[in-house]
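Please look over the sequence and the structure shown below before reading on.

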Amino acid sequence: MIAAIRLFGRLMMIAIRSQMQYRNAFLLMVLGTFLTSMVQAIGIWALFDRFGNLGVWSVAHVAFLYGTINIVFATVDITARGFDTFGSSLIRTGQFDRVLVRPASPVILVAAREVALHKLGQLLQGILVLIYAFVTLDIDWTIGRIALYVFAVSSMYAFFYAIQIVRATMSFWTIETLEILNTISHGGMETAQYPMSIYKESFTNFFTYVVPLACVAYFPMVGVLNMPDPLGSTLLTQSLAPLAGYVFFAVCLSFWIFGMKRYQSTGS
Amino acid sequence: MPSLTTALLRSYTAVVAARFRLLLQYRAAALAGVATQIFWGCIKLMVLGAFYAAAVTTPPMTFTAIVAYVWLGQVLIGLLPWNHDPELQELFTSGGVAYELLRPLDLYWFWFARTLAFRTAPTLLRMVPGIIFATLILPLIGLPEWALPAPASMTHGLMFALSFTVTVMLSCAITILITISMFWLIEARGLSTFMYGVVPVFSGMIVPLPLFPDWMQPFLQYQPFRGLCDVPFRIYSGDIPLSMAGQEIAFQFVWVVILILFGYGLIARARVRLVVQGG
């Protein structure tokens with residue numbers, strides 16, 4: 001296990017160094033991801049400025065959700081880049097065969113193959129928004145709330161990482177990377193920026209029971225912020241909900257292992 | 001002279017047709033794009049619907065106008081000039097631009113034709129399933145209040161068509177400026193990145209422009225990007241009354257003329273001082 005982590009870190013460092021060879025392009029791309037997520041924040045700000053509060057949710061509450069989810073999402077994108085480009089650069093080219101013969105876990109080799117450092121722009125933007133939320137909201141940070149927040153953030157990370165793994169796994173069959181799962185990853189991020197209670201019931205149910213987005217984001221955050229929940233969760237369910245993120249990760253990882261066993265090279 | 005004009009026209013249509021055929025090959029990607037746009041449209045409507053439900057003062061637009069604005073935006077998102085034709089980018093980095101200058105065609109209009117194909121071909125391909133979903137399927141699955149309404153009247157529809165034609169020209173005129181910038185920058189990635197932040201906000205794609213704070217309205221009203229979404233979409237829903245529609249379309253058209261003249265002038269200057277890349 002320790003050897004695996006050391007290998008992971010080492011591969012990551014190599015990927016970072018190779019990215020840094022193109023410094024200007026890199027800085028531009030950082031600016032790009034910063035701007036793209038800034039655009040979303042401007043939209044949210046404009047709506048709150050026009051309409052006042054969204055029920056009991058003020059702009060600072062939504063900023064808390066927005067900042068947290070953007071930080072996690074950017075971190076996943078940075079560290080799961082290898083899975084993101086898996087279909088186009090490893091499967092279609094037949095390069096995955098070479099990965100399989102190496103004496104290390106394919107999951108680690110794929111994960112640490114590339115780093116999407118340009119997502120630092122989105123990360124930074126999320127941090128700025130979260131700082132605004134922290135300053136504006138007067139959250140009573142008890143030990144329990146801190147623990148719940150950390151638990152939720154880690155399970156959110158597992159959740160979004162798992163989607164990247166599923167995306168990559170599907171390319172065992174489709175050879176290409178499927179953009180359609182962007183609706184769940186990027187779309188999920190967009191969805192979770194607002195309280196889940198504003199959406200249609202069928203939509204909320206899908207993002208609770210099929211894809212447990214609400215369990216890793218909305219429910220625990222309601223608990224941390226101590227907000228009333230029209231969906232009827234209690235502090236107990238809010239505290240247990242993030243477990244779903246880990247279960248989801250485990251299911252997705254076994255799907256990956258299943259896919260890898262079925263893998264037939266493209267033969268090129 | 002007439003023979004020259006027909007020759008020019010024919011070569012432009014040939015470029016446009018070739019581009020269409022090329023892009024139509026990527027049907028699976030287009031289908032995935034459609035699904036994503038529909039999903040996004042639904043999220044936007046739910047978010048805006050929640051704000052409308054919680055509104056304490058009367059919003060400046062009706063919700064029906066919002067629904068039309070959101071769906072037209074989702075269906076026509078490919079028209080937004082936030083990127084540029086990668087084939088033209090390639091010309092600048094490889095030095096192939098020298099061949100472009102040799103063609104017996106006016107460079108600006110030749111690139112305009114290419115840009116027109118680059119912008120409209122994928123959009124046309126994607127808009128059909130999107131419109132079918134927004135007009136027919138949504139009422140069928142019990143969400144008629146989310147369905148794309150018909151234009152406010154026949155006349156509104158005709159004015160929308162007119163305004164939309166100018167929108168396409170406006171989008172091409174902006175896109176081609178990004179291309180022309182490569183005469184100086186060689187690489188337009190930086191400018192594209194910047195446009196990626198600016199265009200969605202100022203066109204109204206992120207949030208309908210009338211919903212922005214009142215103090216921003218005087219500025220928002222006169223900037224060119226408004227002609228990309230806000231003007232045609234609000235003419236469609238009748239949020240811009242017919243009495244104002246002519247004026248608004250004229251506003252779009254003035255920006256098209258300004259931007260085309262600007263681009264034309266830039267190309268003329270660039271030809272004099274061009275350094276061709278490559279070896």
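## A covered helix in chain A

A residue is called buried if 20 or more other C-beta atoms lie within 10 Å of its own, and exposed if 12 or fewer do. In this predicted model, helix H10(A) is mostly covered, since eight of its eleven residues are buried. The buried residues of H10(A) are Asn182(A), Thr183(A), Ile184(A), Ser185(A), Gly188(A), Met189(A), Thr191(A) and Ala192(A).

## Where the chains touch

The contact between the chains takes 31 residues from chain A and 27 residues from chain B. On the side of chain A that touches chain B, the elements that give two or more residues are helix H2 (23-51) and helix H10 (182-192) of chain A, and H2(A) gives the most, with 15 residues. By class, the residues on this side of chain A divide into 16 nonpolar, ten polar and five charged.

## Two helix pairs in chain A

Helix H3 (residues 59-79) and helix H8 (residues 120-136) of chain A have axes that come within 8 Å and cross at roughly 150°. Because angles over 145 degrees count as roughly antiparallel, H3(A) is roughly antiparallel to H8(A), and H3(A) passes H8(A) in a left-handed crossing. Among the residues that meet here are Ala60(A), Phe64(A), Gly67(A) and Ile71(A) in H3(A), and Leu123(A), Gly126(A), Leu130(A) and Ala133(A) in H8(A). The residues of the contact of H3(A) with H8(A) divide into twelve nonpolar, eight polar and no charged.

The axes of helix H9 (residues 143-174) and helix H13 (residues 218-225) of chain A come within 9 Å and cross at roughly 160°, and H9(A) and H13(A) are therefore roughly antiparallel to each other. H9(A) passes H13(A) in a left-handed crossing. The contact is made by Arg145(A), Leu148(A), Tyr149(A), Phe151(A) and Ala152(A) of H9(A), together with Pro220(A), Met221(A), Gly223(A) and Val224(A) of H13(A). By class, the contact of H9(A) with H13(A) has seven nonpolar, one polar and one charged residues.

## A helix pair in chain B

In chain B, the axes of helix H7 (residues 154-185) and helix H8 (residues 189-203) come within 9 Å and cross at roughly 140°. H7(B) contributes Ile178(B), Ser181(B) and Leu185(B) to the contact, while H8(B) contributes Gly190(B), Leu191(B), Ser192(B) and Met195(B). The contact of H7(B) with H8(B) has four nonpolar, three polar and no charged residues.

## Two exposed residues

Thr93(A) has its place in the loop between helix H5 (86-91) and helix H6 (96-100) of chain A, and because Thr93(A) has 12 C-beta neighbours inside 10 Å, Thr93(A) counts as exposed. Thr93(A) and Ser265(A) are 172 residues apart in sequence and 9.3 Å apart in space, C-alpha to C-alpha.

Phe219(B) has its place in helix H9 (residues 217-222) of chain B, and with 10 C-beta neighbours inside 10 Å, Phe219(B) also counts as exposed. The C-alpha atoms of Phe219(B) and His156(B), which are 63 residues apart along the chain, are separated by 26 Å.

## How confident is the prediction?

The model scores ipTM 0.87 and pTM 0.87. The mean pLDDT of chain B is 86, and 93% of the residues of chain B reach 70 or more. Within chain B, confidence is lowest in helix H1 (residues 2-23), at a mean of 71, and highest in helix H10 (residues 230-237), at 95. Where pLDDT is low, the predicted coordinates should not be read in detail.

Technical notes. Residues are numbered from 1 along each chain as its sequence is written. Chains are lettered from A and ligands numbered from 1 in the order in which they are written. This is a predicted model: local features need pLDDT of at least 70, side-chain atom pairs count only at pLDDT 80 or more; totals for chains, interfaces and linings use all residues. Two residues are in contact if their C-beta atoms, placed from the backbone, lie within 7 Å. Helices (H or I, at least four residues) and strands (E, at least two) are DSSP runs, numbered from the N terminus. Ala, Val, Leu, Ile, Met, Phe, Trp, Tyr, Cys and Pro count as nonpolar, Asp, Glu, Lys and Arg as charged, and the others, Gly among them, as polar. pLDDT is the predictor's confidence in each residue, from 0 to 100. Axes are lines fitted to C-alpha atoms, for helices over the stretch in contact, and angles run from 0 to 180 degrees between N-to-C directions. Angles under 35 degrees count as roughly parallel, over 145 as roughly antiparallel, 65 to 115 as roughly perpendicular and the rest as oblique. A crossing is left-handed if the near helix is turned anticlockwise from the far one by less than a right angle, and right-handed if clockwise.
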